[in-house]
Amino acid sequence: MTSTARLSRLSTPFRNVPGRYLARRASSTSQNPKKETSVAHHHRSPTHHHHVSYSETDDAVPWLAKQPLHRLSLADLVKHGRPPLNAEALLSSARFTLSLLPIRLAHRIQALRNLPYIVVSNPNIRKIYNNYQHSLSTLLPWQGRTISNLEDEIRFTEVLAELVNTHTDTIPILARGFLECRKYISPAEVTRFLDHHLRARIGTRLVAEQHIALHYSSSPHFDPSSSPTPCPENPGYIGVIDTALRPASTVDSCGTFVADICELNYGVRPEWTIKGSPETTFAFVPMHLEYIITELLKNAFRATVENGQSKSPVEITIAPEPPSSAVTTTPPVITLSPPSVSLGAFNKDHIQPLDDNAPGVTIRIRDRGGGISPEVLPHIWSYSFTTFSESEDDPPGAWSDDALSVISAASSGGSSIAGLGYGLPLSRAYAEYFGGGIAVQSLHGWGTDVYLRLKGVGRIE
Ligand SMILES: Nc1ncnc2c1ncn2[C@@H]1O[C@H](COP(=O)(O)OP(=O)(O)OP(=O)(O)O)[C@@H](O)[C@H]1O
Ligand SMILES: [Mg+2]
């Protein structure tokens, strides 16, 4: 594992990157499909905004970035049917995925180009920029052709796996880049950029990972050992969505992981208890829940230990919403329609919940870590704001060099409990993606309650 990959275990929810499973195959058959000039509607512009050596995909970006983003819905993710997909449904999923990704990548490239030149020139930001350019260049040859046979579909899935892999370590690299640029760009501007960028990234990865997961659980390519989701033996999964996800199990597995980090950092293992309705299940994306719970537990455990309360267990309450809280008495049902190539209305970048009445779950994480002081509270949702300080003498605060040393420590194999200042804002981005949210209630001097509300994706039939 590379050093950044190690760090990314803490910073991204994609610890089980499907790409890893595909990478083996990708190396054997990585030839591109027959090259075709795809987006032929435009010409290379003679002048560039920045003195950046854009690659051959250069000319495609402005045109693609002008295309509106598809308003992705959860229904889109499940509309190709319940695994195992037959060949036709799988091809339709591939075509749908291809219809979305180049536009999404181009929008990100354009946003990176719009950053101040001195920021885009930073080697770390540049690396992310180049990753996007590269990924777009691997997709462009597919545009203007139809994925109509399984051979194409396999090659396309390999491209997706490489894409997912390429962008795995984005967060620590961007974090380092923006820290190094902190003289040239304000925290507010960074937060604005990252909020948009990282939310868009959630959707892009989801679209790619959904097809990869469907690929391995389809009848033509069924390979349980390669599948990132235990499909189709476990009928609860539709691609990366677990229709019977049990948050209590996620809390326990993430709790063990975070307690390990605490033991490394502080020499103590905080404890936790689960209250409420631990038996609750709902339909959600497990990778997203794992990310959020890990970040919230890191914060709660750190505060508990630093406040000298290691003996007070962190209390997690799982509260399912009553099924008939809405006007309708029957729970929402999603009917999986036969494959359709409709692209819907193109206008927004958020995934909509399948149904506003989909029963959700609220998870409260209560710690006795002393709460959050009034001076700190206004900053907790800003990217890069942290009170974590490695050395006792440094006054803690935002934008310190400590974060750089945390990144370096993590790169050399350590695990960090805090320090990037990305945990809360990024968790909120994940929670809001499907219409949920996070609220923090601090009792300064006592502890903190964090309410994580997640909307289920509805009942899927
Ligand atoms: N449960 C909590 N108790 C006390 N303070 C908290 C709690 N959760 C968050 N905070 C405060 O909010 C700040 C920001 O939290 P956030 O999770 O975004 O970043 P971080 O924990 O410092 O770094 P990262 O999560 O990226 O490793 C923390 O540095 C801490 O001061
Ligand atoms: Mg944190």
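Colleague: Hi! Which residues come nearest to ligand 1?

Modeller: Asn 299, Ala 303, Thr 386, Leu 420 and Gly 423 come nearest, out of 22 residues around ligand 1. A residue counts as near if its C-beta atom, placed from the backbone, lies within 6 Å of the molecule. This is a predicted model, where local features need pLDDT of at least 70, side-chain atom pairs count only at pLDDT 80 or more, and totals for chains, interfaces and linings use all residues. Residues are numbered from 1 along each chain as its sequence is written, while chains are lettered from A and ligands numbered from 1 in the order in which they are written.

Colleague: Which element gives the most to that shell?

Modeller: Helix H12 does, with 5 residues. Helices (H or I, at least four residues) and strands (E, at least two) are DSSP runs, numbered from the N terminus.

Colleague: And how many residues of H14 are buried?

Modeller: In H14, 10 of its 11 residues are buried, among them Gly 423, Leu 424 and Tyr 433. Buried means that 20 or more other C-beta atoms lie within 10 Å of the residue's own, exposed means 12 or fewer, and partly exposed is in between; C-beta atoms are placed from the backbone.

Colleague: What do those buried residues pack against?

Modeller: They pack against helix H10 (187-216), H12, strand E8 (437-443) and strand E9 (447-455). Contact means C-beta atoms, placed from the backbone, within 7 Å.

Colleague: Switching to the sheet: what is the strand order?

Modeller: The 5 strands run E3-E5-E7-E9-E8 in an open sheet with mixed pairing. Strand E3 (272-276) and E8 stand at the edges with a single partner strand each, so one side of each has no neighbour in the sheet. Two strands pair if DSSP finds at least two bridges between them.

Colleague: How many bridges join E5 to E7?

Modeller: There are 6 bridges between E5 (residues 314-320) and E7, which run antiparallel. Thr 317 stands opposite Arg 364 in E7.

Colleague: Which peptide bond is cis?

Modeller: The one from Pro 83 to Pro 84, with omega near 0°. Pro 84 lies in the loop between helix H4 (74-78) and helix H5 (87-113).

Notes: Contact = placed C-beta atoms within 7 Å.
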